[in-house]
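Let us walk through this structure one residue at a time. Keep the model in view as you read.

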Amino acid sequence: MTLTERAAAAAELKTTGQCNCTQSVVKVFEDKLPVEGDTLRMLAAGYAAGMGCMESTCGALIGAVMVAGILTDGKATPRISKELLQKFEAKCGATICKDLKGVGTGKPLCPCPECVRNAVLAFGEVFPD
């Protein structure tokens, strides 16, 4: 599966309500991870709506960082996480869920399915195949 296909599949999972933002991102990388799919789904379950519905860090970004942590065996993950965050913010305009959704301003910066797509694309920029 190409990165573009992964990004589209992740956006579709979110759009259709099959997964939350975090789950959508980790699910499209299942084939690259040494973790069973149901375990990934359960691990990512609490990060909806900006982690615990607190509208803080975007769940899609959290999903990309989770995948990075597994693929790097936790080595240099903070540096990689920073790079993912920067690439995601450049694509979406923010990293905080409520800002992305336009809570308080009424002007969304990036809808959730696009955040999911952009998290996968940012991941691909940091981890090219």
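Start at Val 25. Skip its neighbours within four places in sequence, and Val 25 is in contact with Ala 60, Gly 63, Ala 64, Val 116, Ala 119 and Val 120. Contact here means heavy atoms within 4.5 Å. This is a predicted model: local features need pLDDT of at least 70, side-chain atom pairs count only at pLDDT 80 or more, and totals for chains, interfaces and linings use all residues. Residues are numbered from 1 along each chain as its sequence is written, and side-chain values use heavy atoms, with hydrogens and water left out.

Val 25 also belongs to the largest nonpolar core, which has 31 residues. Such a core is a set of buried Ala, Val, Leu, Ile, Met, Phe, Trp, Tyr and Cys residues joined through side-chain atoms within 4.5 Å. Buried means under 20% relative accessible area, exposed over 50%, and partly exposed in between (1.4 Å probe, protein chains only). Among the residues with the most contacts inside this core are Val 25, Phe 29 and Leu 84. Helices H1 (3-15), H2, H3, H4, H5 (77-92) and H7 (112-126) each supply at least two of its residues. The largest share, 6 residues, comes from H7. Helices (H or I, at least four residues) are DSSP runs, numbered from the N terminus.

Now look at Ala 68, in helix H4. Ala 68 counts as buried, because its relative accessibility is 0%. Leaving out residues up to four places away in sequence, Ala 68 touches Ile 80, Leu 84, Phe 123 and Phe 127. Ala 68 and Ile 80 are 12 residues apart in sequence and 7.4 Å apart in space, C-alpha to C-alpha.

Next come the aromatic rings. The whole structure holds 2 aromatic pairs. Rings of Phe, Tyr and Trp (its six-membered ring) pair if their centres lie within 6.5 Å; planes under 30 degrees apart count as stacked, over 60 as edge-to-face and the rest as tilted. Phe 29 and Phe 123 have ring centres 4.6 Å apart and planes at 50°, so this pair is tilted. Phe 29 lies in the loop between H2 and H3 and Phe 123 in helix H7, so the pair ties together parts 94 residues apart in sequence. Phe 123 and Phe 127 have ring centres 4.6 Å apart and planes at 15°, so that pair is stacked. Phe 127 is partly exposed, because its relative accessible area is 22%.
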